[in-house]
Amino acid sequence: MEAHLAVAKTEAQSELARALAGRSEKSAVAPLLQLARSDSETTRKATVRALSLLADGTHLVGLVQLISEATSGAAREDIRGVFESIVDRAEGRKPFDVA
């Protein structure tokens with residue numbers, strides 16, 4: 001499924017992102033980080049939702065790159081939500097190493 005993300009049509013990319021999140025496919029985070037740069041708002045939003053469920057502290061560098069490349073306030077706000085989800089899920093666990 002992950003291999004199809006980059007080459008699928010826009011409508012299919014959104015569905016693939018949802019399916020990967022539903023299956024808890026952590027290995028899909030790297031391709032989802034690329035797909036989150038999509039010009040399609042529908043694809044971007046579905047991908048960011050998937051990232052909010054799948055990404056963890058090991059993906060912070062990619063997420064920082066993603067938010068720094070965001071071209072709109074709405075995109076930055078969506079990506080900020082991914083950071084919040086990571087922190088919420090990590091409560092009580094090992095602290096993040098962001099150095």
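Helices (H or I, at least four residues) and strands (E, at least two) are DSSP runs, numbered from the N terminus. The expected span of a helix is 1.5 Å times one less than its number of residues.

This is a predicted model, in which local features need pLDDT of at least 70 and side-chain atom pairs count only at pLDDT 80 or more, while totals for chains, interfaces and linings use all residues. Residues are numbered from 1 along each chain as its sequence is written, and side-chain values use heavy atoms, with hydrogens and water left out.

**View 1**
Helix 5 covers residues 73–90. Its 18 residues should span 26 Å at 1.5 Å a residue, and the end C-alpha atoms are 26 Å apart, which agrees. Buried here means under 20% relative accessible area, exposed over 50%, and partly exposed in between (1.4 Å probe, protein chains only). The buried residues of helix 5 are A75, I79, V82, I86 and A90. They cover an arc of only 65 degrees around the axis, so they sit on the same side of helix 5. The arc is that of the directions from the helix axis to the C-beta atoms. Helix 3 and helix 4 are included in what covers these buried residues. After helix 5 comes G92, with a positive phi near 85 degrees.

**View 1. The whole chain.**
The protein chain has 5 helices and 0 strands. From the N terminus on, the order is α-α-α-α-α. Of the 99 residues, 35% are buried. Contact means heavy atoms within 4.5 Å. Among contacts with a separation of 6 or more, 56% come from residues 24 or more positions apart. The chain exposes about 6000 Å², and carbon and sulfur atoms supply 54% of that area. Accessible areas come from the Shrake-Rupley method with a 1.4 Å probe; for residues, only the protein chains shown count as cover.

**View 2. The largest nonpolar core.**
A nonpolar core is a set of buried Ala, Val, Leu, Ile, Met, Phe, Trp, Tyr and Cys residues joined through side-chain atoms within 4.5 Å. The largest one holds 24 residues, of which L32, L51, L63, L66 and V82 touch the most other members. Helix 1, helix 2, helix 3, helix 4 and helix 5 each supply at least two residues of this core. Not counting residues up to four places away in sequence, V82 touches V48, L51, S52, A55 and L63.

Helix 1 covers residues 10–22. At 1.5 Å a residue, its 13 residues should span 18 Å; the end C-alpha atoms lie 19 Å apart, which agrees. Q13, S14, L16, A17, L20 and A21 are the buried residues of helix 1. They cover an arc of only 165 degrees around the axis, which puts them on the same side of helix 1. The buried residues pack against helix 2 (29–35) and helix 3. Exposed residues E11 and G22 are carried by the face turned away from the buried side.

**View 3. S24, after helix 1.**
S24 follows helix 1. Its place is in the loop between helix 1 and helix 2. Phi of S24 is near 55 degrees, a positive value in a residue other than glycine. Most residues other than glycine have a negative phi.

**View 4. R18 on helix 1.**
R18 lies in helix 1. With a relative accessible area of 37%, R18 is partly exposed. A polar contact of 2.7 Å joins the side chains of R18 and E15. A polar contact is a pair of N or O atoms within 3.5 Å; within protein, one must be able to donate a hydrogen and the other to accept it, and residues adjacent in sequence count only if both atoms are side-chain atoms. Neighbours within four places in sequence aside, R18 is in contact with A46 and R49. R18 and T47 are 29 residues apart in sequence, yet 7.4 Å apart in space, C-alpha to C-alpha.

**View 5. H59 in a loop.**
H59 is found in the loop between helix 3 (41–54) and helix 4 (60–69). Its relative accessibility is 16%, so H59 counts as buried. Beyond residues up to four places away in sequence, H59 touches V29 and L54.

**View 6. I67 on helix 4.**
I67 sits in helix 4. The relative accessible area of I67 is 23%, so this residue is partly exposed. Leaving aside neighbours within four places in sequence, I67 is in contact with R76, I79, R80 and F83. The C-alpha atoms of I67 and D78 are separated by 9.1 Å, with the two residues 11 apart along the chain.
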